[in-house]
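The structure comes first, followed by the notes.

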Amino acid sequence: MRLRSGTFACCCVLLEALGVALFLRGFFPLPVRSLPRREARSGPPAEPAPPGAGVSSNWTKIPPPLFRKAVIVLIDALRADFVFGSKGKQFMPYVTQLVDKGTSHSFIAEAKPPTVTMPRIKALMTGSLPGFIDIIMNLNSSALLEDNLIWQAKTAGKRIIFYGDDTWVKLFPKYFVEYDGTTSFFVSDFTEVDNNVTRHLDTVLKREDWDILILHYLGLDHIGHISGSNSPLVGPKLQEMDKILKKIHLSLLSKEGEASLPNLLVVCSDHGMSKTGSHGGSSEEEVHTPLLFVSSAFTKRSGSLKQPELVQQIDLAATLAIGLGLPISRNSIGNLILPVIEGKTMREQLRFLHLNGFQLIQLLQANVPAYEKDPGFEHFKVAEKSHGNWIRLYLEENSSEVLLNLGKKVLKQYLESLKILSSSLSKQVAQYDMYSMMVGTTIILEVLFLLLLSLPKALSSRAEFEVPLSSPLFSLMFYLICLMLCAVHVIVCTSAESLCYFCSISWLMSVGVMMLISALMCIILSALGKIFMNNKLPAKNSAVSNSSWSELDVLILAGTLGHVLSLGASSFIEEEHQTWYFLINTLCLAVCQEICRHYFLLKESDLQFSTVLKQSVENFKETGHFKQVDVPACDSKLNKFATSAELRKGSEKWIGLASPWIILICCRLLRSLNQTGVQWAHRPDFRHWLTRGIIEARFVYVFVLGIIFTGTKDLLRSQVTSADSKTKITGLWEIYSGLVLLAALLSRPHNLPVLVFCLLIQLIMTRCIWTPLKFDAAQITIMHYWFGQAFFYFQGNSNSITTVDVSAGFVGLDNYVEIPAIFLTTFATFAGPFLWAIHLLCYLSSEGSRHSAAMGHGCFCYALIHSIPVAVYIILVTGLRYHLFIWSVFSPKLLYEGMHVFITAAICVFFTAMDQKQSQKIQD
Amino acid sequence: MFQYYCGLRSGVKPNPSSKRSSFAHKISRFLKCCIYFFMSCIVFHGIIVLYGAPLIESVLETFLFAVLLSTFTTLNCLCMLGPNIQAWIRVFSKNGAMSIWDNSLQITTMCSIVGAWLGAFPIPLDWDRPWQVWPISCSLGATFGYVAGLIIAPLWIYWNRKQLTYKSR
């Protein structure tokens, strides 16, 4: 089958996108789950039976609650040192006094990354670790179907009231008897958003018709986003929070008099905030949050506290469940925080720990096939046995001294086993679906090989080549490989211990994928065979091509290889923008050298040319004696012409020589506009946040759509009526300008200079560098790709999820609408690479008249240059999947790369569509 | 290294031009060389800043690094070619070398610049070593590159001695 290289590259990238999708599905594991919630649940475990007949414990029910009412105050982005550090002492006097001398227990709760609100709320309420993939769902938080604390409380008949972030209302619909959601959408508002919560407090605290009150304050998080953690606004906000906490605590205390059970006040936070005020990563400031239990049930603290103990954030769910007398939710992997129940009798304490351990064991049984071998399981069994012995002694009423000592020993055993169990369960979260990953990787690698093998032919002047399709498809080998892979599939799927995505899709589709893999394999083999056959005949080609490599080609090759290699180190991924800035700087210098050579060599040839001219004029003079009158005029005219041409050439030369330097200076300016990355993120940059009007934005949308519509119309007309290529080029430029306008609308206000410089550099490049120097399409494509990458970082993006500008998805929208929001956010994030790719398309098609194969070459190169890092990165990530930074550094980068592949696929399809029309026209 | 320079100098300047072409002329050439050297320092400094070096803080270190780079590259060229732009352009354009000295000049210059370029790579790594501080690793890279150039140049010339046919002008 004959294919044009553009079409071929397009097919390859689409296949690659499929492979990447499979890989991503396998790489991001689903969180640990037990059986669905609705299924019948076995009742709560009884106390472990004491050995020996006759005696048995009669305590089989869930223990009664320890607290009557609970108020949970969640202050978004409250960092641990805002409470326990110097800021806390200064701005939160009441809380500090509670921590130091009050009846309270204080801890530092460690949140697991991603430190974003919704996964953290899920973690707090279910006690499980939400998978990394939850971050993608962060925007459209649908109802939480897992077993959770709120659901348990609701089924136990507790009345829950909620005020605060409406994420909760979406997560737990219909669970609250009364709620008022505030939206986190208007980030610049940090007073109203909290007043909307506080205004209910006075009435609610007087009422008696509730059991649990949950408050979620967003103001502090908004302040962090606007002006960072050292902002002067933080202090007053902390004071406000302190006052609110004081009010709640005093009102709870005043009610306690007649009640039998004490009340509980919990102060916690979903995540901290980094120095710049953002969150999402895994730095200590983002991960450490305060956790404060205040109740009159606790003993009064004497003397000030040293460093608070470190616990996990997920421990809160189990502790609260015990405290409120509810069953621990099934997927919780947290441990009971012991100090909270320390005031109870030894029997109760042991009972609580046994409940917690029993729930963890059940979760372990549901998730690990070989659970008996788990050290946590063994520990727990030992502890359970000694617990039984303890109960026998207790029922026989031995002396309290012996009981206490023995009880302490059992307690220690339980705590140890709980710790081991919860660590082995959280390891379970990081289990990869290796089979799906392998299948995805195979497809990606095969596509890459195919692209590399067809490189020489695809870049030949005809830009089309024969893809051996029919012969491999009907060969014996194809069927053999296919059969073998299917057999492997069946074996793997029947023997798999853990869940596997690729096994769970329908068998028709999996057979289709298997056939695809084997077909690609056969095509690669036959292409290899062909190359070997050809190589034997003419062996000189390689030598010729080697010698014609310029410095620019060497640089491009070295840069691509260097970038690919740098992906193996986590710091290079964090600082990838540095790599790209470095590369484009070097590229500019190399281009500068090329320009120097071009103009100086040209000058020499010009000199020769003018001397030749002069000689001819001399000859003319000598021979043309009879036309002596005309000669001087002719001579002067010639001179004038020569001088004007020289002048023009001179100015062109100087502009050409200056252009790389202008570009370099632009890049240097842009680099300091947004300091991304990790190590140098503290350098000042000019970011600030503004809200944008909805109506104005819609107005701009209308214009963008209009421009794009006219562009598309021109394109279609040029195709239908096969008019001259000018219509098509105008159409393309119109689409390009429409997209530029859209990017200008969506980007943050301080990023507009990036866009301006982007256009300026494109202009300079086109006018002064590419057109006069006549680079070939491949080089231009790779330069476009590099600049696109650099602009991705100039925009302020980085390889961590924190920098995704979610607010772009809301421009011109009243509330969250899924599809436009996803589209707009993606476009705003990848605006740099996207604009450069479309510019490449416009440029190549306007140059198309000069060189017809340029579009095909461009498409092929674009596909190849992006396939190489993706393939290598996927292999690297597979190898490094147990790396310490896998979730904080490598996975976000993987998500970015995956998204970029889909965008590249879209660009290549667009390229091919344009190319197709052109080829049709040529045939016409 | 200094001896090597002197050797080169005495080797390259075989034209005593007999006339003892006026002491003043020599002085002016020397001054020109100085100015060129200083200008090259400035240009290197500019390029380094364009590459992302901080503009204001640690400006002295950056400038010293620029001086080091110019010592490895411009000073050699000044010694060998003199303040003669045309000769420079000839030597650093493709196939412009006219003697083994030109070749060795090309190689050492390229090696020191590439060394400095490569020296920037360890900076972003989070190893927290003292030598990762700007611009130590780059200076080390440039120095190692220069030394490598000094070693490579004779070897390369020896290796390619058959192919080297210089057209005399």
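pLDDT is the predictor's confidence in each residue, on a scale from 0 to 100, and contact means heavy atoms within 4.5 Å. This is a predicted model, in which local features need pLDDT of at least 70 and side-chain atom pairs count only at pLDDT 80 or more, while totals for chains, interfaces and linings use all residues. Residues are numbered from 1 along each chain as its sequence is written, chains are lettered from A and ligands numbered from 1 in the order in which they are written, and side-chain values use heavy atoms, with hydrogens and water left out.

**Confidence in chain A**

- Chain A has a mean pLDDT of 80, and 82% of its residues reach 70 or more.
- Over residues 620-631 of chain A, pLDDT stays under 50, and the model has 4 contacts there beyond four places in sequence.
- Residues 684-691 of chain A also stay under 50, with 18 contacts beyond four places in sequence.

**Chain B**

- Chain B contains 7 helices and 0 strands; helices (H or I, at least four residues) and strands (E, at least two) are DSSP runs, numbered from the N terminus.
- Of the 169 residues in chain B, 40% are buried, where buried means under 20% relative accessible area, exposed over 50%, and partly exposed in between (1.4 Å probe, protein chains only).
- Among contacts in chain B with a separation of 6 or more, 66% are between residues 24 or more positions apart.

**Contact between chains B and A**

- Chain B contributes 19 residues to the contact and chain A contributes 22.
- About 1,900 Å² is buried between the two chains, 65% of it from carbon and sulfur atoms; buried area is the accessible area (1.4 Å probe) that two parts lose on being put together, summed over both.
- On the chain B side, Leu50(B), Tyr51(B) and Pro124(B) lose the most area to chain A, together 37% of what that side buries.
- Helix 2 (residues 23-50) of chain B supplies the largest share of that side, 3 residues.
- The chain B side divides into 15 nonpolar, 1 polar and 3 charged residues; Ala, Val, Leu, Ile, Met, Phe, Trp, Tyr, Cys and Pro count as nonpolar, Asp, Glu, Lys and Arg as charged, and the others, Gly among them, as polar.
- There are 0 salt bridges between chain B and chain A, a salt bridge being a side-chain nitrogen of Lys or Arg within 4 Å of a carboxyl oxygen of Asp or Glu.

**Ser518(A) and Ile481(A)**

- Ser518(A) lies in helix 22 (residues 507-536) of chain A and is buried, at 0% relative accessibility.
- Beyond four places in sequence, Ser518(A) touches Phe478(A), Ile481(A), Cys482(A) and Leu485(A).
- Ile481(A) sits in helix 20 (residues 476-495) of chain A and counts as buried at 17% relative accessibility.
- Besides Ser518(A), Ile481(A) is in contact with Met521(A) and Cys522(A), leaving aside neighbours within four places in sequence.

**Salt bridges**

- The whole structure has 16 salt bridges over all chains.
- Arg207(A) and Glu178(A) form one of them (2.8 Å, N to O); Glu178(A) is in strand 5 (residues 178-182) of chain A, 29 residues from Arg207(A).
- Asp194(A) pairs with Lys237(A), with the closest N and O atoms 2.6 Å apart.
- Asp194(A) is in helix 8 and Lys237(A) in helix 11 (residues 234-256) of chain A, so this pair ties together parts 43 residues apart in sequence.
- Asp194(A) is buried, with a relative accessible area of 0%, and Lys237(A) is buried at 3%.
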